[in-house]
Amino acid sequence: MTQAGLAAVDVEETESATGAAPPKRPSRRLSPRDRAVVIVMVTVPTLVVVGLVWVPAIASVVLSFANWSGIGGLDTIQWIGTKNYTDIATIYPPFWPAIRHNLIWVTFLFLVPTMLGILLAVLLDREMRGSRVYQTAFFMPVVLSLALIGFIWQLFYSRDQGLLNQVLGTKIDWYGDPSVNLWAVLVATAWRHTGYIMLIYLAGLKGVDNSLREAAAVDGAGEVKTFFHVIFPAMRPINLIVLVIVVIESLRAFDLVWVVNQGRNGLEIIAALVTANVVGEASRIGFGSALATIMMLISSIFIALYLRVVMKEERQ
Amino acid sequence: MSRRAQSPASMVPPSVAATAGISRRSFLRSAAIGGALLGSSGLLSACGGGGGGESSKTVTFGMNETGDQPAAQRLRAMAEAYQKKSGIKVKRNEVSHNTFQENINTYLQGNPDDVFTWFAGYRMNQFAEQGLIADLSDVWPIDGMADSFKQASTASDGKQYFVPKDYYPWAVFYRKSVFEKNGFEPPTTFDEMTTLAKKMKAKGMVPFAFGDKDGWPAMGTFDILNMRINGYQFHMDLMKGEKAWDSAEVKQVFETWRGLLPYHQPDPLGRIWQEAAQTLGKGEAGMFLFGTFIVDGIPDVEDDLDFFTYPEMDASIGATALDAPIDGFCMSAASDNTDAAKKFLSFLGTPEAANAANDNADAPFIAANSNASTKTYSALQKKSVEVVSQAKDIAQFLDRDTRADFASTVMIPSLQTWLGKPDDIDGVTKSIQQQKVSIFGS
C-alpha cells in the first residue's frame, strides 16, 4: 500500500472512532502533500454528501411544517405545525391510494418480473440453441428509458386506436380506467424489469463454479434440486443485489406513471404526488415537502433493512 | 396519433404545458430546484436571460416558445419588427414552453428578462400581488383593445400589469359536411342541443367527443356549464375562492353535467384531446367543446370545421360569457430598464406588432388588438373574432382564473375522480371544498 493509501485508512479509522479514545498507535507524521491529499479526499465527498443529500433532506423535513409558495424571502414562510400531515392523511384523496399503489408495485415487481427474470436466466444459462438471440430480445427493453416505454405501450393500450383492443375486440380503457391502469402500467414495467433481472442473474450464473454443478450431478441431484440447494445459495451476493434493485426500481417508479397521466386517476404514487405539488407553478412547497418526508421515511425502512443484511454479511 | 403533440404551444392552456409531455430534462431541472427547496434565486440562470442592467439601447425579452412552431415565429417577428422600427436591440431568450412554465417562479425571482410572455387573469394577478411583475398602467389605454381585455389585464389593485397579444375562444365545434349530410342544425338553446345529441346518438354517433387524460379539457366543460347555470360573476367568485365548492350552485353544475355524460364519449380518462378531436374529424363524433386550437389536432378538416357558442341554459343569465384565454406580455419587477421595456410593451400591444407577427409566420393568431389586420385569418378565426367581440364577459379558463396550485393539485384529480364515478357529486364537492379551504386559507 502506498503511503497515501495508508494514511487515508488511518484517517478513516480515527474518524469512525470519533476521537473517543486517543489513538493507540504512535501518530504518523504526514508530509504536507499527503496531508493535502487526505484533506481533499475527505472534505470533497463530505461536502457533496452534506450539500446534496443532508441539507435538502433536512430542509424538506423542516419545510414540511410550513405553508410557503416558494415566492418571496424566507420570512414569507408561515409555520403551520403538522397541518400538512393531517391534511394529507385526512382530506387529500390521492394519498392513501398512492401508498397502496407503491406497495402493490414493489410486491408485483418482486413476484412476477423478478421471478420470471431469474427463470429466464436459468433457462438461457443452459446454452440452448439461439440463446443469444433470446438474450438480446429480452434485454432490448432495458436500454429504453421508462418514459419511452410509457409512449411505446400507449400504442398498445390506447382505447380507440390501440393494438390490444383491436386484437382482442374489446373496448377496455387500459390507461384511463383506474381499476386496470395500474396493472397495465405494471405489465409495461415488467417488460423492462424482467430483462434487467435476467441479465444480472445470468452474469451471476456464469460465475458459479461448474464443479459445484458436477458434484451435485454426481450426488444424483436433479436439475431443480441442484438449483435450489446448490446454485441459489451460492449466488447469495447476486440475490441480494437483485433484491435491492427491485426495491430501488419500485421507489423510482415515477417516470412511467408521469408519462402516462402525471400520476393521477388510478396511478397515484408518492413520488408523482411530490412532483405534482412542488414542481412548476403549483409550488405547494410545504405540502409537497411533507409528502417527500413521508416518502423518505418509507425508503429509510428499506434502506435500514438492507444495511442490516449487508452488515450482518460483513460480520460473518 | 397518440403522441402528445407539442402543438403551437401558445395555444395550449397552461396546465397542459405545466403537466403534459414533460420532458425529462426540464423535469430534472425543476426537480433539482424543487429538491433544493430553497427557492434560491441564482439556480435558474440557465433559464433567466441577460436581465436588465444593460444600456437603454437593449431590452431583454423572455419567450415561452422556441423552435420552428408558428407561435415562436410570431414572437420573433414582433421582436424584430420593433428592433427595426426603434433601433433598440431586442435580446431574445427563447425557452421551451414547458420549461418556461415550470420554472416561472424561480425565473421571476432570479434574473428575469425585462419583458416576458405570460397569461392574463388570476395568474397574472397572483404575480402582481407578489410584487414579481411591474405596474403597466401608463402603457394603457391601448388603442384598439376592448374593455374586456383591459379588464383581464387588471390586477386586484385596479392597475394594469399586462399587455394582451392574442386569444382563442372555446366553443362547440362540428363538421359542416356532417351536419349537412344528416340535416343537423347548430342549436341555439340548450334543449335544442340535447335534442340534437339524442338524434346523433340514434344515428350511432357520439354526440360529444371527450378526452380528459391530461386533466385540463374537462375544466372547459365545467367552466361553460357554471357560467351558463350560475353566471359569470358566480364563476369568477368561485375561482377566486370566495364561494363554496359544496354549495347548491356547484352541485347543480355537476348534476347537469352528469345528465350530459351519456352524450359524451365514454371512458374519457384514457383519451388525450387529439384522439377525441380525431373522432370528430372522422365524423364518428358530432360535436366537441374545445378551444380553437382544435385545428392543430385535425388540420386536414380545418376548412370543414365550424362552431357555435355554448347555448343559453337560463334566460336570466344568457349566453354572453365564454372562455377565451388571453396570452400576452408582462414586465418583470426586477427590471432596471423600465423605460425601454415599457416602450417595447407599448409596441407589442399595437396592431402593427400583431400584423408583423401574422405576416411572418406559417399560421396567424387572433390578435387581441381589434385594429389588427384580419387578412391572414382563417374563416374560423374570423368567426372567433366576431364571437368574442359579442361576448360580454370573458373568462380565462379554470386553470388561469384560480390559483395554480388549486387548479393542478385539486381540480384536475377531483374532476377525473368524479368522471370515473359521476354519481358521487356530494363526495367530490365536499372533497374539493375541504382542500380549497386548506389552500386558500378560508
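Okay, hi everyone. Keep in mind as we go that this is a predicted model.

Let's start with the six-stranded sheet. It is an open one in chain B, and reading across you get β2-β1-β3-β10-β4-β11, with mixed pairing. Which strands stand at the edges? Those are β2, residues 89–94, and β11, residues 366–367, of chain B. Each has a single partner strand, so one side of each is left without a neighbour in the sheet.

Over at the β2 end, β1 of chain B, residues 58–63, runs parallel to β2(B), and the two are joined over six bridges.

Now move along to β10 of chain B, residues 326–331. How many of its six residues are buried? Six of the six, so to speak a covered strand. On one hand, β10(B) pairs with β3 of chain B, residues 115–119, in the antiparallel sense over five bridges. There, V115(B) sits opposite M331(B). On the other hand, β10(B) pairs with β4 of chain B, residues 163–167, again antiparallel, over four bridges. In that pairing Y167(B) stands opposite I326(B).

A couple of those residues come back when we look at L345(B). Leaving out neighbours within four places in sequence, L345(B) is in contact with V115(B), L136(B), V139(B), V163(B), F329(B) and M331(B). L345(B) is also among the residues with the most contacts inside the largest nonpolar core, which has 186 residues. Others on that list include L291(A), F173(B) and F288(B). And here chain A gets its moment: the largest share of this core, ten residues, comes from helix α8 of chain A, residues 181–206.

On to the other sheet. This one is open too, with four strands in the order β6-β7-β5-β8 in chain B, and the pairing is mixed. At its edges are β6 (206–208) and β8 (305–308) of chain B; each has just a single partner strand, so one side of each has no neighbour in the sheet. From one strand to the next, the twist averages 30°. In this sheet, β5 of chain B, residues 170–175, and β7 of chain B, residues 285–291, pair antiparallel over five bridges. One bridge to look at links A171(B) with F290(B) in β7(B). Lying across β5 and β7 is helix α10 of chain B, residues 217–229, at about 85° to β7(B).

Last stop, helix α9 of chain B, residues 190–202. Where do its buried residues point? M193(B), L196(B), A197(B) and M200(B) are the buried ones. Looking down the axis of α9(B), they fall within an arc of 105°, so they line one face of the helix. Those buried residues pack against β6 and β7 of chain B. On the other side of α9(B), D191(B), T195(B) and A202(B) are exposed. After the helix comes G204(B), with a positive phi near 80°.

That's my tour, thanks!

Technical notes. Residues numbered from 1 in each chain as written. Chains lettered and ligands numbered in written order. Predicted model: local features only at pLDDT ≥ 70, side-chain atom pairs only at ≥ 80, totals over all residues. Pairing = 2+ DSSP bridges. Axes fitted to C-alpha atoms, helices over the stretch in contact; angles between N-to-C directions. Contact = placed C-beta atoms within 7 Å. Core = buried A, V, L, I, M, F, W, Y, C linked by C-beta atoms within 7 Å. Buried ≥ 20, exposed ≤ 12 C-beta atoms within 10 Å, placed from the backbone. Arc of directions from axis to C-beta.
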